[in-house]
Structure formats: C-alpha cells, structure tokens
Amino acid sequence: MIAELKKTTEGKMQKSIEALKNDLAKVRTGRAHTGILDHVQVEYYGSMMPINQVANVTLIDARTIGVQVWEKPMAAKVEKAIRESDLGLNPSAQGEVIRVPMPPLTEERRRDLAKVVKGEGENAKVAIRNLRRDANSTLKDGVKNKDISEDDERRAQDDIQKLTDKYVAEVDKMLAQKESELMAV
C-alpha cells in the first residue's frame, strides 16, 4: 500500500510540473517561439480548431513567427484570430504567409510578466503541497484502520516529504530560468 501511494503521489507531482511547464511556455519573452500560438483558436468550417491544425507555424527569424495556411480562404480568419487573442500581437498577411512580429518588451511589462510567472510557480507549489497533504492523510487512515504500523507511517511521511522538497526545488529552478529569460534584453 505504501509503495503504491508513493508512486501515485510522485506521478501526480510530475503532472503538476508538466502543467507548470505548459503555463510558462505561454508567457512570452522577447523571443519568438511557435508555442505562443498553441492556444489560439480559429473557426474552421463551423468548429473551433487550434491554429497548428489549419496552418503550418514556423519561425522566420528570432522575432518573427510565420503562419502558412493550408487553404487560402482561411488566411483572413487566422489573422483575425491572432489579432483578437490576448497576446497583444499584430499579424500582417503577405500572400499566403501571415507574419507575426514579436514586439519588444518594455521594462514594466517584463516586471509584470515576472509577477505572473511567480504566481504560476506558487500555484504549482500549492498543488504539490496539497498532494503531500492528501498522501499523509491516507497514511494516517492506514494507521487508524491498522493496515500499516506507526513506524511505517513515519518512514513513508519522510519519503513523501523528500518527494515534495524535490519537486518544489524543481519549480524554483524553472521559475528562476523563466525570470532570467524575461529580464534578458
């Protein structure tokens, strides 16, 4: 029971780290990367689709994303979807290719984005700590029901605390890396 609990708790903590990676990828730095447009949806024959399912998204240079639509009539809809997204981007169509230049970040905007990154990191830490709490309460229930001994419970709690410390340290490392990316001019 204890080994299974540790394994599931570690798996859930790993999922929290993956969710944080996805959230941090959406926070844009001064450099262009194709992942910025991943959550932008465009209407495609009556249903909403991600841009990467109706067009080829590539990097033209370090500060410009190129979007090559697969069907000509979709170009206007894709351009409109990018413009209306909450990313603050201003795409321009040039034939079948839509160029999306990344505006340079101001110092104030960088600080705001750093606060957003810290908030995302804090949410991830809270999720990891909640997983620790859930695992520890499961252990306490095991002692109460006499499924495990108190010594085993204490050892398992120590192991779960070590897991928690490991994943919180990983979150801190990811946050420091993202903040240095944001503050680099």
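These exercises work through helix packing, charged pairs and backbone angles in one predicted model.

Residues are numbered from 1 along each chain as its sequence is written. Local features need pLDDT of at least 70, side-chain atom pairs count only at pLDDT 80 or more, totals for chains, interfaces and linings use all residues, and side-chain values use heavy atoms, with hydrogens and water left out.

**Exercise 1. Packing of H1 with H3**

Task: Find how the axes of H1 and H3 are arranged, and which residues make the contact.

Solution. 
- Step 1. Locate the elements. Helix H1 covers residues 2–26 and helix H3 covers residues 107–144. Helices (H or I, at least four residues) and strands (E, at least two) are DSSP runs, numbered from the N terminus.
- Step 2. Take the axes. They come within 10 Å and cross at roughly 170 degrees. Axes are lines fitted to C-alpha atoms, for helices over the stretch in contact, and angles run from 0 to 180 degrees between N-to-C directions.
- Step 3. Classify. H1 and H3 are therefore roughly antiparallel. Angles under 35 degrees count as roughly parallel, over 145 as roughly antiparallel, 65 to 115 as roughly perpendicular and the rest as oblique.
- Step 4. List contacts (heavy atoms within 4.5 Å). H1 contributes residues including Ile 2, Leu 5, Met 13, Ile 17 and Leu 24. From H3 come, among them, Val 117, Gly 121, Ala 124, Ile 128 and Leu 131.
- Step 5. Sort by class. The contact of H1 with H3 holds 13 nonpolar, four polar and four charged residues. Here Ala, Val, Leu, Ile, Met, Phe, Trp, Tyr, Cys and Pro count as nonpolar, Asp, Glu, Lys and Arg as charged, and the others, Gly among them, as polar.

**Exercise 2. Packing of H1 with H4**

Task: Decide whether H1 and H4 run roughly parallel or roughly antiparallel.

Solution. 
- Step 1. The axes of H1 and H4 come within 11 Å. Their crossing angle is roughly 10 degrees.
- Step 2. H1 and H4 are therefore roughly parallel.
- Step 3. By class, the contact of H1 with H4 has 13 nonpolar, two polar and eight charged residues.

**Exercise 3. Salt bridges**

Task: State how many salt bridges the whole structure has, then work through three of them.

Solution. 
- Step 1. A salt bridge is a side-chain nitrogen of Lys or Arg within 4 Å of a carboxyl oxygen of Asp or Glu. Side chains of opposite charge can pair when their charged atoms come close.
- Step 2. Count. The search finds eleven salt bridges.
- Step 3. Arg 133 pairs with Asp 134, with the closest N and O atoms 3.3 Å apart. Asp 134 is partly exposed at 38% relative accessible area. Buried means under 20%, exposed over 50%, partly exposed in between (1.4 Å probe, protein chains only).
- Step 4. Asp 152 and Arg 155 form a salt bridge at 2.7 Å, N to O. They are three residues apart in helix H4, so about one helical turn separates them. Asp 152 is partly exposed at 30%.
- Step 5. Lys 178 and Glu 181 meet at 3.9 Å, N to O. They too sit three residues apart in helix H4, about one helical turn. Glu 181 is partly exposed at 27%.

**Exercise 4. Two lysines**

Task: Are Lys 178 and Lys 125 buried or exposed, and what do their side chains reach?

Solution. 
- Step 1. Lys 178 is in helix H4 (residues 150–183). Lys 178 is buried, at 8% relative accessible area.
- Step 2. The side chain of Lys 178 reaches the backbone oxygen of Leu 24 at 3.0 Å.
- Step 3. Lys 125 is in helix H3. Lys 125 counts as buried at 13%.
- Step 4. The side chain of Lys 125 makes a polar contact with that of Asp 172 at 2.6 Å. A polar contact is a pair of N or O atoms within 3.5 Å; within protein, one must be able to donate a hydrogen and the other to accept it, and residues adjacent in sequence count only if both atoms are side-chain atoms.
- Step 5. Leaving out residues up to four places away in sequence, Lys 125 touches Val 168, Val 171 and Asp 172.
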